[in-house]
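Please keep the structure open on your screens while I speak.

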Amino acid sequence: MQTITILGATGSIGVSTLDVIARHADKYSVFALTAHSQITALALQCRQFNPKYAVVSDAAAAASLQALLAESGCATEVLWGVEALCQVASDDGVDTVMAAIVGAAGLVPTLAAVQAGKKVLLANKEALVMAGGLFMQAVAESGCVLLPIDSEHNAIFQCLPTDYSSAVSSGVKKLLLSASGGPFRGWSLEQMRSVSPEQACAHPKWSMGRKISVDSATLMNKGLELIEACWLFAVPAQAVEVVVHPQSIVHSLVQYTDGSVLAELGNPDMRTPIAQALAWPQRIESGVADLDLFDIARLDFEQPDMQAFPCLAIASAAARAGGDAATILNAANEVAVQAFLDQRIEFTQIAEVVEQTLNGQVLSEPESLELVQQSDSAARLYSSSYIKRLEK
Ligand code: NAD
Ligand code: MG
């Protein structure tokens with residue numbers, strides 16, 4: 001029996017994870033579930049999965065959850081705050097941690113799981129983007145098993161040899177990172193200027209949380225994933241190429257020096273990578289429908305449009321710049337995406353905010369968690385005040 005903590009249980013990835021777990025009650029039991037503010041949804045999950053702990057963000061949410069659980073006689077113990085998140089991510093009673101909090105808020109609890117040597121299933125790409133060096137160093141020190149949940153990285157992981165340690169020793173020439181192109185593929189910058197949050201969140205292939213949906217629409221998601229791939233697979237940014245593939249069936253590919261190209265294919269449903277990582281190195285049923293190639297009929301591939309989607313070029317430049325450029329990029333992007341969702345800036349101003357924030361900071365080496373958090377805070381301040389000027 002594998003015991004599991006899900007950080008961000010009420011989100012899109014959290015719900016898909018519980019869906020897979022529910023299919024295998026003989027193999028997995030839930031140790032802890034966490035959520036930010038969706039108390040009713042978390043209470044329902046607690047009733048169904050009966051975890052030892054439930055964690056929320058503040059005391060008021062904890063009191064509401066406690067009341068809901070008492071009503072139904074559920075014995076789950078309610079905790080709150082970042083320390084509690086770290087506790088349920090690192091407790092001796094946990095084998096596996098699904099890191100599915102969105103954004104920088106996931107970094108500290110995910111690091112706690114890594115440091116405690118848990119099997120860590122990483123969906124929270126922002127944690128790796130903002131603190132890649134420290135994160136991978138912690139992985140090496142604790143010897144934890146880190147498995148990628150992001151569909152592209154999970155695909156690449158499956159296409160690499162099991163004893164993979166570096167691209168050079170494994171004969172890897174390039175990682176080909178699939179991108180669906182998002183809801184605005186083929187649009188010009190001008191056409192995208194006045195799109196609404198609802199349009200940006202209506203992804204043609206994947207159903208996801210609002211932040212990653214906007215990132216997919218700007219292609220910043222692919223930029224974050226490029227940086228994520230560099231850390232996970234120890235390759236330079238030059239060895240990662242973005243391939244737009246609108247059907248979202250080929251989830252990514254690995255090109256080898258002998259001309260071989262290996263790909264992982266499947267229907268676009270996150271339960272596949274989640275089940276792959278949960279069961280690794282075995283395989284379990286995920287609930288995902290079989291891929292019907294006759295139904296798909298064709299697979300298309302095209303170059304990304306770097307003019308219409310400047311976020312991809314900005315993220316690529318940040319990956320090459322190193323230092324804390326990715327920390328700044330991630331922080332500015334989180335602030336800008338929220339401002340767009342709150343209808344305070346236009347869609348196309350997300351790229352402007354991120355670029356101007358990067359231009360406004362002096363790069364440094366993020367050698368400790370404190371320094372990463374300082375860069376993150378400074379970038380958030382800068383981008384927030386830049387947005388205030390845009391609003392005038
Ligand atoms: P979501 O918005 O649906 O869910 C986010 C979860 O995090 C919720 O449970 C929420 O309660 C929790 N949360 C939010 N802010 C928090 C905070 N400040 N403190 C503690 N908890 C907080 O997001 P999602 O789509 O499930 O994405 C989660 C992560 O997985 C993101 O990093 C995203 O990039 C990554 N990811 C998602 C998908 C997908 O298909 N949804 C695919 C690949 C990667
Ligand atoms: Mg992805």
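Predicted model: local features only at pLDDT ≥ 70, side-chain atom pairs only at ≥ 80, totals over all residues.

**Cavity, pocket, sheets and cores**

The largest cavity has a volume of about 70 Å³, where a cavity is a set of points, on a 1 Å grid over the protein atoms alone, at which a 1.4 Å probe fits but cannot get out, and where grid points are joined across faces, edges and corners and a volume is the space filled by probe spheres set on the points. Residues are numbered from 1 along each chain as its sequence is written, chains are lettered from A and ligands numbered from 1 in the order in which they are written, and side-chain values use heavy atoms, with hydrogens and water left out.

How many cavities of 30 Å³ or more does the structure hold? There is one, and among the residues that line the largest cavity are L189, M192, T218, F309, F347 and I350, each lining residue having an atom within 4 Å of a point. The elements that give two or more residues to the lining of this largest cavity are α10, α16 and α18, helices here being DSSP runs of H or I of at least four residues and strands runs of E of at least two, numbered from the N terminus.

Turning to open space, a pocket is an open set of points with protein on both sides within 12 Å along at least five of seven lines. The second largest pocket holds about 580 Å³ of space, and of the 23 residues lining this pocket, L146, L147, F157, T162 and Y164 lie nearest its centre. Two or more lining residues come from each of α7 (132-142), β7 (146-148), α8 (151-159) and α13.

Now to the sheets. Seven strands form an open sheet with parallel pairing, in the order β4-β3-β2-β1-β5-β6-β7, and two strands count as paired if DSSP finds at least two bridges between them. At its edges are β4 (77-80) and β7, each of which pairs on one side only, and neighbouring strands are turned by 25° against each other on average, direction ignored. Within this sheet, β1 (residues 2-7) and β2 (residues 28-34) run parallel and are joined by five bridges, and I4 has V30 in β2 as its bridge partner. Helix α5 (residues 107-115) packs on the sheet, touching β1, β5 (96-99) and β6 (119-122), contact meaning heavy atoms within 4.5 Å. The direction of α5 makes about 145° with that of β6, with axes fitted as lines to C-alpha atoms, for helices over the stretch in contact, and angles running from 0 to 180 degrees between N-to-C directions.

The other open sheet I want to show has four strands in the order β9-β8-β10-β11, with mixed pairing, and its edge strands are β9 (240-244) and β11 (261-265). Strand β10 (residues 250-256) runs antiparallel to β11 and is joined to it by five bridges, with V254 partnered by L262 in β11. Helix α13 (residues 220-233) lies across β8 (172-179) and β9, at about 150° to β8.

Next, helix α12 (residues 210-218). Because seven of its nine residues are buried, α12 is largely enclosed by the rest of the structure; buried means under 20% relative accessible area, exposed over 50% and partly exposed in between, with a 1.4 Å probe and protein chains only. These buried residues, including K211 and D215, pack against α6 (125-130), α11 (197-201), α13, α16 (310-321), α17 and α18 (349-359). Just after α12, L219 takes a positive phi of about 70°.

P183, in the loop between β8 and α10 (189-192), is also buried, at a relative accessible area of 18%. Not counting residues up to four places away in sequence, P183 touches Q199, A200, A202, H203, P204 and A217.

Finally, the cores, each a set of buried Ala, Val, Leu, Ile, Met, Phe, Trp, Tyr and Cys residues joined through side-chain atoms within 4.5 Å. Which members of the largest nonpolar core touch the most other members? Of its 78 residues, they are F135, L175 and F347, while helix α17 (residues 325-341) gives the largest share, six residues. A second, separate core has 38 residues, including I6, L42, A123 and A279.
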